[in-house]
Structures are given as structure tokens and as C-alpha cells.
Amino acid sequence: MIFIDRKTTFKVIVTSMLYFFMFASTVYCLLIRGTAMQRSYIFNEGVDLLGMLFGYVLFVCCLIDVQKTGNDYIYFFYLLNIAYWGLFLDANAWMVDGIVGLKSLNYIINTLYYMASPMASCFFWLYVTRYIKMKGRAITILDYIVRFGLVAALVVRIINLFVCVFLNSKGFYFYIDSAGKYVRGDLYIVSLIYSYFAMLATLFAAIKKRKHLETYQLVSILLYVVVPLIATTISSKFYGVSIIYGVVMVVMLYMYCVLNVSQGREKVVADRELTLASHIQEEILPSTFPFPTMRTEFDIYASMTPAKEVGGDFYDFFMVDDDHVALVIADVSGKGIPAALFMMVARTLIKNQTLYNKELEPTEIFNKVNEQLCENNGLNLFVTAWLGILKISTGELKYANAGHEYPAFSRNDGKFVILKEKHSPPLATMEGIQFRGNQVVMKPGDCIYVYTDGVTEASNFKKELFGIDRMLGSLNRSVGLSTKEIDQNIRNDIKTFTRDEAQFDDITMLCMRYYG
């Protein structure tokens with residue numbers, strides 16, 4: 001089953017209503033005027049209506065695919081829309097042809113129809129060059145020519161309309177005679193030059209990149225270039241035959257099936273691998289609460305919500321020995337798979353150094369981890385991290401902060417405040433760093449809350465940040481609650497603040513209450 005969000009569902013519904021209206025109005029007008037039209041006109045109407053049916057199906061498929069593949073196919077999406085409107089305009093141009101009372105409407109429809117062709121050619125160029133990731137000086141120059149050429153082509157078509165309507169003269173591309181009939185101008189063939197150029201430029205780009213394309217990809221691109229050019233040539237030679245956009249829609253159907261569906265198969269494999277990586281990441285983070293089940297001296301709860309399938313944040317907590325518990329929270333620079341891999345390495349190193357060097361202070365542990373992370377760090381990633389080790393019997397909490405967010409601290413159900421101290425640089429930024437440490441003695445009822453910048457930097461539609469003050473407000477409304485309830489309250493407040501805005505960064509929190 002395919003699941004799409006409300007925004008896409010709304011687009012599908014609105015588009016369906018609009019396209020149905022366009023299709024139904026064309027059929028209605030054809031039924032009214034059909035007997036008075038030439039047979040070739042009726043043939044053109046049939047081609048246009050069939051193409052519109054194909055176009056609607058493809059449009060809905062593209063809306064759903066944009067959800068899965070991002071903006072890679074946005075120009076294909078635009079191209080499809082232009083082709084659909086081209087079919088609608090072509091169908092109605094034949095319908096109003098020869099009706100004197102609709103002369104003005106005839107001008108408008110035909111002008112828009114003439115504008116659709118260069119726009120379709122430009123979007124096809126943009127789609128293909130982005131699809132096959134074309135780069136280089138020649139492609140850059142051609143890209144500028146195609147873009148500016150489109151503007152020039154559209155301006156000339158507007159000038160043609162101005163000459164016909166306001167100067168009451170024959171247009172150089174087309175004009176409507178006194179009988180309300182469409183007539184091609186002396187320079188009609190010139191109106192095809194831009195479309196031919198853009199299509200041939202696309203063909204040049206595809207041939208140049210042919211070694212990097214599969215056969216089916218190259219054939220699909222060649223078909224879209226060659227077949228519409230043949231259809232355009234036929235239509236230019238034989239007045240009354242208009243099959244250009246019908247042919248375009250059929251070829252686009254083929255392109256969609258071959259290019260998008262085949263690439264979708266590759267994406268399914270990639271998505272499966274990302275899902276597996278996400279599950280692995282979830283499994284390595286402790287998720288059993290309360291921790292540990294047999295200890296009553298403290299209560300810990302933590303959570304992480306990645307912005308992507310996998311995240312660069314992590315938290316950890318574990319018993320160092322019977323009298324010490326370690327708390328860790330960290331944020332790796334970057335996003336996605338590279339950050340997730342670096343996260344797993346950093347987490348492993350911090351935990352290993354803490355467990356195997358139980359006599360070391362958090363600052364000394366960071367010194368060792370930093371040296372290890374700096375080795376072979378070719379991607380230049382770094383980690384902001386906070387490590388605290390609590391001596392359970394005395395409540396003494398020693399901690400080190402490597403460029404991470406300041407922790408929030410509450411005394412025995414009092415208000416949370418930020419514990420500010422001088423930061424040390426993040427881990428993996430430079431060898432030889434000596435990290436600073438701090439300590440606080442926790443008393444029964446005291447609570448410490450550590451987090452990543454995904455909490456404070458969560459933003460709403462106004463681009464306002466959730467910020468430290470809102471975070472403290474949420475914490476102070478949760479005074480006396482369990483660590484799990486504190487976590488849930490902050491998450492609910494973030495969700496209410498951001499509403500439907502996309503999550504930009506991983507949101508990770510760890511909270512511990514000491515009972516003594």
C-alpha cells in the first residue's frame with residue numbers, strides 16, 4: 001500500500017478536479033460542435049483527449065513519486081503539466097477555429113499554445129541534464145542559452161499577439177482572419193527554431209554522457225527527442241494535423257515507466273539498506289527503562305529522534321562499577337550515513353575508555369578518545385560530547401564538556417537552571433587537546449538534563465527557534481515528574497511549537513534524577 005501525506009493528498013484531489021473539469025469541458029464542447037468540424041479536426045480532438053487521460057494518470061504518479069524521490073523529478077513534473085495544458089489548448093484551439101465571435105479567445109488560446117512548446121523543450125532539457133548529472137563548461141553554456149532562449153521565445157510570442165490585436169496587423173507566427181480562422185504567418189517555421197535547438201542540445205548532452213547511461217536510459221531520451229521532432233515536422237508540413245502533444249504524452253509514459261520505475265527499484269534497495277542501518281542504530285542505544293532495574297538510587301530516561309533515517313546524535317548510560325554510573329550524550333557534525341558511522345565509532349571509543357580505565361576522570365577519557373578519533377579522520381567530522389560519571393554513594397558527579405550544550409540542573413524539585421562553564425573544543429577537531437572538567441554534588445531529588453542542539457534549534461514556520469528559555473520553561477513545568485514524563489513533556493512542547501515544520505536536526509535528550 002502507498003501512503004502519502006495530507007499535503008500530497010490535497011494536491012491529488014485539487015488536480016483531479018481541475019483536470020477532470022478540463023477534460024469534461026473539452027468533451028462537452030466537442031459534442032456540441034462535433035458535427036460542424038472537419039474530420040481532421042475531430043481526429044486531433046481524439047488524440048488530445050486520449051493524451052489528457054494519459055497525462056492525468058502520470059500526474060498523480062509523479063505527485064506520489066516526489067514524496068519518495070525528492071526534487072529529482074521536479075522538471076519532469078513541470079514538463080508533464082505543460083504537455084497536459086498543451087493538449088487542452090490544442091483541443092480548444094480547433095474548437096473555436098472559424099467562429100468569428102470567439103476571435104479574441106482564439107488569439108489567447110493559440111498564443112498560450114505557442115508558448116507551451118518552448119517551455120516543454122526547456123523543461124525537458126532541465127530534466128535530462130539533471131537526471132544524468134551533466135556538468136562541464138559546454139553544458140553550462142548550453143544551459144544559459146536554453147534558459148535565456150526560453151525567455152526570448154516567450155517574449156516574441158507576446159509580441160506576435162500585440163501585433164495582431166493592438167496593431168491590427170498580420171502576425172509573423174500566426175493570425176486570425178476576418179472569418180475567425182487560424183492562419184499561419186510567413187515566419188511560422190521560425191517559431192519552431194527554439195524547440196528544435198533545445199531538443200537537439202538535449203540529444204547532444206545525452207550522447208556525450210552515453211558511456212555513463214544504461215541502454216534503456218539512452219533509448220528513452222532519444223525517443224523523446226526524435227519522435228516529437230518528427231511529429232512537429234509532420235504538423236508543420238500538413239496543416240490540420242496536430243499530434244505533437246499526444247505523441248509527447250505517449251513518449252513521456254514510456255519515459256516514466258523506464259526511467260522513474262527502474263530508478264525506483266534502485267531506490268527500494270537503498271531504502272531497505274537505510275532501514276536496516278536505522279534498526280542497527282536503534283539497537284545499539286540503550287532502551288530498557290528503568291535502568292538498571294535493581295537499583296533505586298537514581299532514575300534515567302533518554303530518547304533520540306533522528307531527522308533522517310539515521311542520525312548523528314547518540315546517548316548512552318552504563319554502570320562503570322557497582323558505585324559509578326556513566327552518562328553520555330553527543331552530536332556528530334553532518335547528517336546521514338557518514339555521521340551515523342562516525343557516531344558508532346565515537347560511542348564505542350567513549351564507552352571502552354570509560355570501562356577499561358575506571359580510575360580516569362571524564363577529562364582524561366576525552367583526552368584519549370580525542371587522540372583516537374583524530375586518526376584517519378579524512379572526512380573532517382567532529383563530535384560535541386558531554387560525559388558525566390556519578391559516584392552513587394556520595395552523589396558526586398564529575399563531568400567534561402567537549403563543545404556540547406550546557407546541561408540543565410535542578411535542586412530537589414526546584415527550578416532548572418543552566419550550568420554554564422568554559423567549553424572545551426569538540427572531539428576530533430585537533431590532536432593534543434587537554435579537556436576541562438567540572439563537578440557538582442547531587443543530593444536526593446536533584447535532577448540533571450542534557451540534550452543536543454536539535455532541542456533548542458527546533459524551529460517553527462516563522463523560523464523562530466525553540467531556544468533555551470522555552471526549554472527551561474518546559475522543564476520547570478515538569479518539576480517533580482519522572483524522567484520519562486519530563487522527556488515526553490519537552491517533546492510535546494517542541495511538537496506544538498514547530499507544528500508541521502520538517503525536523504531539521506536530530507532531537508536527543510537524557511535525564512537523570514538522583515535519589516541517594
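**Figure 1. Threonine 202 and its surroundings.** The side chain of threonine 202 reaches the backbone oxygen of alanine 198 at a distance of 2.8 Å. The model shown is predicted: local features need pLDDT of at least 70, side-chain atom pairs count only at pLDDT 80 or more, and totals for chains, interfaces and linings use all residues. Residues are numbered from 1 along each chain as its sequence is written, and side-chain values use heavy atoms, with hydrogens and water left out. Threonine 202 lies in helix H6 (residues 193-208); helices (H or I, at least four residues) and strands (E, at least two) are DSSP runs, numbered from the N terminus. Threonine 202 counts as buried because its relative accessibility is 0%; buried means under 20% relative accessible area, exposed over 50%, and partly exposed in between (1.4 Å probe, protein chains only). Apart from neighbours within four places in sequence, threonine 202 is in contact with Phe124, Trp125 and Val128, where contact means heavy atoms within 4.5 Å.

**Figure 2. Leucine 112 in helix H4.** Helix H4 (residues 103-131) holds leucine 112. With a relative accessibility of 40%, leucine 112 counts as partly exposed.

**Figure 3. Helix H9 (residues 336-356).** The 21 residues of helix H9 should span 30 Å at 1.5 Å a residue, and the end C-alpha atoms are 30 Å apart, which agrees. The expected span of a helix is 1.5 Å times one less than its number of residues. Buried residues of H9 include Gly336, Ala339, Ala340, Phe342, Met343, Ala346 and Arg347. Leu349, Ile350, Gln353 and Thr354 are also among the buried residues of H9. An α-helix has 3.6 residues a turn, so residues three or four places apart point the same way.

**Figure 4. Tyrosine 399 in strand S7.** Strand S7 (residues 396-402) contains tyrosine 399, which counts as buried at 5% relative accessibility. Leucine 387 is 12 residues from tyrosine 399 in sequence and 5.4 Å from it in space, C-alpha to C-alpha. Leaving aside neighbours within four places in sequence, tyrosine 399 has contacts that include Pro362, Trp386, Leu387, Leu419, Glu421 and Val440. The side chains of tyrosine 399 and glutamate 421 make a polar contact (3.4 Å). A polar contact is a pair of N or O atoms within 3.5 Å; within protein, one must be able to donate a hydrogen and the other to accept it, and residues adjacent in sequence count only if both atoms are side-chain atoms.
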